[in-house]
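Student: Please let's zoom in on one part of this protein.

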Amino acid sequence: MRETNFSKTDFAYQLPPSLIASHPTPERTDSRLLALHGDSVRHLKFNGLPDLLRPGDLLVVNDTKVIKARLIGHKATGGRVEILIERVETGWIAVCHVKASRGLSHRHHVKIDRFSAKLIDRDEDLFRLEFDSPIRQVIDECGHVPLPNYLERPDTQEDESRYQTVYARSEGAIAAPTAGLHFSKALLQQIRETGIRIEPITLHVGAGTFQPVRDNDLSLVNMHSERYEIPTSTRDAIAQCSGRVVAVGTTVVRTLESAELTGNDEGETNLFISPGFEFKVVDALITNFHLPESTLIMLVCAFCGYERTMNAYDVAVENGYRFYSYGDAMWCKRDDL
């Protein structure tokens, strides 16, 4: 199969529901790591990652911080309304996804505990809501951790810390950069002590990361936009890197490759990466196992190779790896590095 002649169904695979990780492991580094080396596979614990790295490598992480972006409210009629904040525009106004019985119109006010919100504008599937109090106050008092819908459970106090990386700093994400969830502070310190530099980028992950690909024809994929920023220190570290640039997660890949294509270290990216894409910056990738037919598995196939990636997913299923946001991880690199 040619690297540029794919359709959505080529990225399907069979996953037993029992392998979907509904909760995190007891400790972050307890997760497993499937390491690809050419056509061979190694089965490691995630705390074995330092053995795959070399002095001179640069580890790039996404320091976005997940906000408690899910709000539950009711209309005056009593109808339930679920709000997922996609982006905060001002202190009082946010662009949101809304699920409501019989929809939501300009005449509706949504009551969220002691707060309320009203619809002021709509852009296709997104709603612009104005709250009667600062959004920070609303989410602090009433917000829920925006767990992916496929987990099919309410959020708990555990999720407030575990659906967040230990290096999260810049608030704005509504989904975690999940490859980073495996790192503990102790593991990061161990990696630094082996001569490996760790630098951040910021990409605020939106709900679109879970959006299914609707068209079988990949040329019709309309990727969601996400805000990103690459600090000067990270840009300098990439330029000075004597080893490999190792991306912790697909969000880091999209950020670094987008900036390389556009020449902009700050802005929005809607870059869709699928097999045939030519990578300019990233040399190695740490990533979780992603949903079938998603843009994320397509990116991994573009980086690791289609056959190798899909075979690795089969191996992961056969060996009982845990999948998706709270699941296990995979390592791969370019063959010549």
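Student: Which elements each supply at least two residues of the lining of the second largest pocket?

Tutor: Those are H5 and strand E16 (284-288); helices (H or I, at least four residues) and strands (E, at least two) are DSSP runs, numbered from the N terminus. One heads-up: this is a predicted model, so local features need pLDDT of at least 70 and side-chain atom pairs pLDDT 80 or more, while totals for chains, interfaces and linings use all residues. Residues count from 1 along each chain as its sequence is written, and side-chain values use heavy atoms, without hydrogens and water.

The second largest pocket holds about 360 Å³ of space. On a 1 Å grid over the protein atoms alone, a pocket is an open set of points with protein on both sides within 12 Å along at least five of seven lines, a cavity is a set where a 1.4 Å probe fits but cannot get out, and lining residues have an atom within 4 Å of a point. Points join across faces, edges and corners, and volume is the space filled by probe spheres set on them.

This pocket has 29 lining residues, and Thr 209, Phe 210, His 290, Leu 291 and Leu 296 sit closest to its centre. The lining splits into 15 nonpolar, twelve polar and two charged residues; Ala, Val, Leu, Ile, Met, Phe, Trp, Tyr, Cys and Pro count as nonpolar, Asp, Glu, Lys and Arg as charged, the others, Gly among them, as polar.

Now for the second largest cavity, about 50 Å³ in volume. Thr 209 and Leu 296 turn up among its lining residues too, and helix H5 (residues 250-262) gives the largest share of that lining, three residues.
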